[in-house]
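Visitor: I have the sequence and the model open. Please show me how to read it, one feature at a time.

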Amino acid sequence: MHNNNKQDTPLSVLIVGAGFGGIGLAIRLDKAGISDFLILEKSGDVGGTWRDNSYPGAACDVPSHLYSYSFEPRAQWSSRYSPQAEIHDYIRHCARKYQLYPRIAFDSEISQAQFDETRGLWTVHTTDGRDYQARALVTACGQLNRPIFPDIAGLDSFAGEAFHSARWRHDVDLTGKHVAVIGTGASAIQFVPQIAPRVEHLTLFQRSAPYVIAKADRRYSPREQALLERFPLLQRLSRGSHYLMHEMRALAFISFPSLMKMMEGSFRKHLEKGVSNPQKRAQLVPDYPMGCKRMLISNDFFPAVDRENVDLVTTGIQAITPHGVKTQDGREYPADVLIFGTGFAATDFLAPMTIKGLAGRDLNDAWRAGAEAYKGISVSGFPNLFILYGPNTNLGHSSIIYMLESQFNYVVGCLQALKRRGLRYIDVKPDVQSAFNARIQDAISTTIWSRGCNSWYQTAEGKQTNNWPGYTFSYRRLTRTPELDDYECAR
């Protein structure tokens, strides 16, 4: 089917992306008896962000027993917070076990998709000139799949090697080199401790200090793994307790931002223990309320910054020069290698694809003022399009996998309704979508993320497009079954 440029019968579902979202949904579709689907993946392997981010020290900051599918528990995780290679291996294992590899078209990047309302079909074009047709289109592209480079003068003039942490160059030996790292977010706090002992000198450029708290990590003993393997209930209990602990953290983000004050104490203790240099210690204290940006967990970041061969620079960057980085006070810091730990274009959800709905409406236009979707899944004017991990479904406190599984339920419910009622399409009503989003924005305005800091959770204009301003169980309740009254149903 993938050899010709036109397929004969339309599929039920086309899924874009083979990360946790796309793979999980595919497994659920099979279980629901909807098996004529195809996954289009722009890369050469499954795994999404866990395939891309292979930098030294890459690991998850949600415990593995919670950061995995409820229907595919794994007893063999090496530690409470798994490293990237194990998570990538887990997604591969799922794709193999559920026989998904033959139903994934790799190296297939979508350039555009358009909806034909008379036939109720999506046509998807890939950059290599193929066309696919399906009743429903599900995007599972994630929020952290497009690395972002800062807009700094002279970026291309640098003479040495320069790369983003999400495209790590394992062929570049950093031993004995002068390395400049730009950014101190979730990736940098993981790779800096790994490379600091190897490099001659590391200059770390920080725009705003992150809140870093201790990571309660530990390895699982072979005996624990054997017990988890033998008694699946233990695995479920572990998952349940992690879930509850993380959900309690949401109390502070969402309901009682004042609780964060208590957590600030543990941050300060952690900082004092990790950093002896008073000047560096002062630079590492954030100037915004805790939790407003993504909170980070690490036991080795502060000691790494404390090292003699590490400089922490908080002056703004003026330009990149052929041999280093120049700050606004005119100083130049020499560098042989430049590493960007500058994150992702998280608020541009489905760019760079062009998605055209009813009457040729372009999704990027519809989202000009910031992305929004009903329940984070459906967008008015774009029938039979379902977004996984879409607008306002990111979390500051728990596992995205739990959110994705809630969305799988909802999407499968919508697809079954389409089939059962013989509908050509369903399209969420505009007023239903705006009422939902007014509620979301209203709820977010009282959370910690609106306490006056700029973060990747919001667009440049300050619209909060990424986070879910509630508890994950309330989201699960909301997505249990689709209410068809919320949709225009076309026969």
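Visitor: Where does Thr-139 lie?

Guide: Thr-139 is part of strand β6, residues 131-139. Helices (H or I, at least four residues) and strands (E, at least two) are DSSP runs, numbered from the N terminus. The model is predicted: local features need pLDDT of at least 70, side-chain atom pairs count only at pLDDT 80 or more, and totals for chains, interfaces and linings use all residues. Residues are numbered from 1 along each chain as its sequence is written, and side-chain values use heavy atoms, with hydrogens and water left out.

Visitor: Is Thr-139 buried or exposed?

Guide: Buried means under 20% relative accessible area, exposed over 50%, partly exposed in between (1.4 Å probe, protein chains only). Thr-139 has 1% relative accessibility, so it counts as buried.

Visitor: Which residues does Thr-139 touch?

Guide: Contact means heavy atoms within 4.5 Å. Not counting residues up to four places away in sequence, Thr-139 touches Val-16, Leu-350, Ile-355, Leu-385, Phe-386, Ile-387 and Leu-388.

Visitor: How do β5 and β6 pair?

Guide: Two strands pair if DSSP finds at least two bridges between them. β5 and β6 are antiparallel, with four bridges.

Visitor: What joins β4 to β5?

Guide: Six bridges, with the strands antiparallel; β4 covers residues 110-116. Phe-115 faces Trp-122 in β5. This hairpin also has four residues between the strands, and Gly-120 takes a positive phi near 65 degrees. Strand β5 itself, residues 121-126, is mostly covered, with five of its six residues buried.

Visitor: In which sense do β1 and β2 pair?

Guide: Parallel, over four bridges, with β1 at residues 11-16. Leu-14 stands opposite Leu-38 in β2. Now look at the side chains of β2, residues 37-40: Phe-37 and Ile-39 point one way, Leu-38 and Leu-40 the other, and all are buried.

Visitor: Next, helices. What span does α1 reach?

Guide: The expected span of a helix is 1.5 Å times one less than its number of residues. Helix α1, residues 20-31, has twelve residues and reaches 17 Å from its first C-alpha to its last, close to the 16 Å expected.

Visitor: Why is α1 called largely enclosed?

Guide: Because nine of its twelve residues are buried, α1 is largely enclosed by the rest of the structure. Among the buried ones are Phe-20, Ile-23, Leu-25, Ile-27 and Leu-29. Just after α1, Gly-33 takes a positive phi of about 80 degrees.

Visitor: Where is the place of His-65?

Guide: His-65 sits in the loop between α2 (49-52) and α3 (84-97). For a distance check, take His-65 and Gln-133: they are 68 residues apart along the chain, and their C-alpha atoms are separated by 37 Å.

Visitor: Now for empty space. How is it found?

Guide: Rolling a probe the size of a water molecule over the atoms shows where empty space is left. On a 1 Å grid over the protein atoms alone, a cavity is a set of points where a 1.4 Å probe fits but cannot get out, and a pocket is an open set with protein on both sides within 12 Å along at least five of seven lines; lining residues have an atom within 4 Å of a point. Grid points are joined across faces, edges and corners, and a volume is the space filled by probe spheres set on the points.

Visitor: How much space lies in the second largest pocket?

Guide: About 350 Å³. It is lined by 16 residues, and the closest to its centre are Ile-213, Met-245, Met-248, Arg-249 and Met-263. The elements giving two or more lining residues are α6 (232-255) and α7 (260-274). The largest share, six residues, comes from α6.

Visitor: How many cavities of 30 Å³ or more does a search of the whole structure find?

Guide: One. The largest cavity holds about 30 Å³ of space. β18 (385-387) and β19 (425-428) each supply at least two of its lining residues, and β19 gives the most, with three.
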